[in-house]
Amino acid sequence: MIAEVLIDIPHRKLDRVFDYVIPEEEIHRVEAGKRVEVPFGRRRVMGYIHAVKEHSAVEEVKPLTAVLDTVPSLTGESFELAEKLAAIHLYPRAAYFRAMLPGALSMRRKRYLRKKEGAKLPASLAPFFENKREVPFEGALRKEEKTIATCLAEGVLEDRFELRQTERAKTVDYIELVRDEEQKGKRQQAIMELLRRQKEPMEKARLLEETNSSHDSLRRLVEKGIVRSLSRERYREIAHIYELTDKEVVLTPAQQTVKDRVRDAFGTAAEFLLHGVIASGKTEVYLALAEEVLARGETAIVLLPEISLTPKVTARFKARFGETVAIYHSGLSVGEQYDEWRRMKRGEAKIVVGARSAIFAPFSDIGLIVIDEEQSESYLQTENPPYDAREVARMRSERHKAPLLLGSATPSVETYHRARSKRSHKLELNERALGGSSPAIVLADMKEEFRKGNTSIFSRPLHEAIEKRLQTGEQTLLLLNRRGHAQFVLCRSCGHVIRCEDCHISMTHHKKNDTLACHHCGKKQASVEHCPACGSRHIRFMGLGTEKAEELVNAAFPKARTIRMDKDTTRRKDAHERILHRFETQGDILVGTQMIAKGLDFDKVTLVGVLAADLGLHVPDFYAESETFYLLSQIAGRSGRRETRGEVVIQAYDLDHPVLAFVKRASYEEFYEREIAYRKKVDVPPFVHLSQLLFTHKDERRAYRAALQAAKELRNETSGEVLGPSRPRFAFVGGKNRYQLLLRHHFEAGLLETLRALSIALDEKGVEMSLDHYPRAF
């Protein structure tokens, strides 16, 4: 028997099946979807069984080494999804399998060095092998790389590699009473008495603690056969700061209508857009629908755009549905992710609440998919591998015949256009569930502030509003969608700007650890006191980020308890939940990036300040205005969500911009009509697909020639419009040059095949071609 195996190496050239002989002793264990260990070249790697067949057309077929799973990690749906996504994005299927599975199931390769029998080793290596034939290649041994290479070449040493799963199930030791016999020892007798009372196996650590016994006392009982040790699996406990409290809620008539419409579509792949004003109670509708799904014996996926939203929403779901709720996002540890994935796989969890990656939840009977704040860019993953969670949701909705519910107060233009075009059903919640008024929005003219001598980052209206909240004990959110202390570092003597060596992009200064960081590739370096170009000490840190904004808030309001929330402060595990809880219970002012804008619900927040509303409006991105409208509308909705009416102060230099007027009037319809007319005029999504092709090579001329060749072929082979070649916004990344083509198309028949053939041909010439169906800035 032959197993067709997809190798777990995400490379285009390896994106095909390889044949392996199934050893006789493994035939009964082989099944499509299981992970296996196979020889590949001179090493052993992990792979996935794609299919099993009788014979192979290959003459010399190696046997697979081991079957790693007892139950298939992948399903038929997994293979179908990977196939579709790989075809659309020109990306290897193995990359999508990695996205579908928890990181714990990846394999780490450990290297061992084995001494040949009777061989004499060099003096520097001999101590490592004292009384040992084989040692792991680690620690101080790594410093002997050259000597080891010589010994390997001479045959004195041999390499051996072992695959190990990154993380395994957590187990706990239990002790079980086997024979009830009196013991002479006081401690041994205490152990026996406690086990008799328990009448079932007891956790070892608790047993020793309650009897004040030593491991030796217990070991002697095990050796006599009086008790035995058992190992039981235990899920890792995910800590929560927020209390799991549910509340009796009677749906409003509007909420009930929405629920009924979606419930009536159970068993179909109907798509709904729930357009509900901020604080209209969309989460209550999600909870009510999840309850209906569970009653049908099916499962539900609930996606949120930010990890920061999961603690409170998860607390609501867990309070209502208990342990049937799983949490899944990148903020969990590898082990926690693994446990939650297995709970879903085993059917113990029926609802998953999570971020983008939760769309791949291993459910076999999906009854509902919910995507909250559907307009968020967070649902897009642009690389490793690229996918849109909304795109995957539609695929899974169709396969499982499960309704897809997209919720937002500010739907994406594309989603709203689908509803207007009758490709989805529009549902509305037009009133706040708890009553109350929308916040009062004030536009502060920063040009006028400057003319009056105010050079601070706070306009007079915002400064006064913050002072008022500090006096009344209410809270303030301050939005600045740019992190760091200074956006670029400038020499005032020669004008030199310090840029990333790999990307040629200006580096951002982070004051806390006095480093310069490239926010594109992540490269870091120490800050500078002298200009690297002319040696001058006249270095100026320019621009404003959240780190500097926090510093200025502390200076302006020294008695305020100010907290910052951005990518830099939320790197540690559970940081999102800790920061939000600290602000809610102890804070006065929360300074943050866009992660504080969506979905958060604070009783005492009655003021929102936007420090620089112009930031996102004037960038080379046709999504700039829509993204700014979404962001400002969402952050405005955080203010005054209870009895007290909220206030929003939006600071900008261009107060005449239509987007700011739409935000002030809270008029989504006006915004949509203007935006859709513009997009139709310039022929961009949703009226046409726009894809970006990037051509990358160290040699700029080779990258350009590849783009030129591709443009010629695409103009001959497809009916789409090809723009370029041109330099992209980030033209030099990771030490390589890039050129781009922009392709307007309608996914015509044969287009993806043409692009795939182009990619393979250029790959053979050493030029990397990547495809982005969701380009933002070019």
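Guide: Rings of Phe, Tyr and Trp (its six-membered ring) pair if their centres lie within 6.5 Å, with planes under 30 degrees apart counted as stacked, over 60 as edge-to-face and the rest as tilted. This model is predicted, so local features need pLDDT of at least 70 and side-chain atom pairs 80 or more, while totals for chains, interfaces and linings use all residues. Numbering runs from 1 along each chain as its sequence is written, and side-chain values use heavy atoms, leaving out hydrogens and water.

Visitor: How do F583 and F602 pair: stacked, tilted or edge-to-face?
Guide: Searching the whole structure turns up 17 aromatic pairs. In the F583 and F602 pair, the ring centres are 5.3 Å apart and the planes make 85°. F583 belongs to helix 16 (575-586), while F602 is in the loop between strand 29 (589-592) and strand 30 (605-610), 19 residues apart. The geometry of this pair is edge-to-face.

Visitor: Which strands stand at the edges of the seven-stranded sheet?
Guide: The sheet is open, pairs its strands in parallel and runs 14-15-13-16-19-12-20 (pairing takes at least two DSSP bridges). Its twist averages 20° from one strand to the next. Each edge strand has a single partner, so one side of it has no neighbour in the sheet: these are strand 14 (325-328) and strand 20 (425-429).

Visitor: Are helix 17 and helix 19 roughly parallel or roughly antiparallel?
Guide: Helix 17 (624-636) packs against helix 19 (668-682) with axes 11 Å apart and an angle of about 165°. Angles under 35 degrees count as roughly parallel, over 145 as roughly antiparallel, 65 to 115 as roughly perpendicular and the rest as oblique. The two helices are therefore roughly antiparallel.

Visitor: How many residues are charged in the contact of helix 17 with helix 19?
Guide: From helix 17 come E625, S626, F629 and Y630, which meet Y668, F671, R674, E675 and R679 of helix 19. Of these contact residues, four are nonpolar and one is polar. The number that are charged is four.

Visitor: How is helix 7 set against helix 8?
Guide: The axes of helix 7 (253-263) and helix 8 (282-295) come within 10 Å and cross at roughly 40°. That angle makes the arrangement oblique.

Definitions and conventions. Helix = DSSP H or I, 4+ residues; strand = E, 2+ residues; numbered from the N terminus. Axes fitted to C-alpha atoms, helices over the stretch in contact; angles between N-to-C directions. Contact = heavy atoms within 4.5 Å. Nonpolar A, V, L, I, M, F, W, Y, C, P; charged D, E, K, R; others polar.
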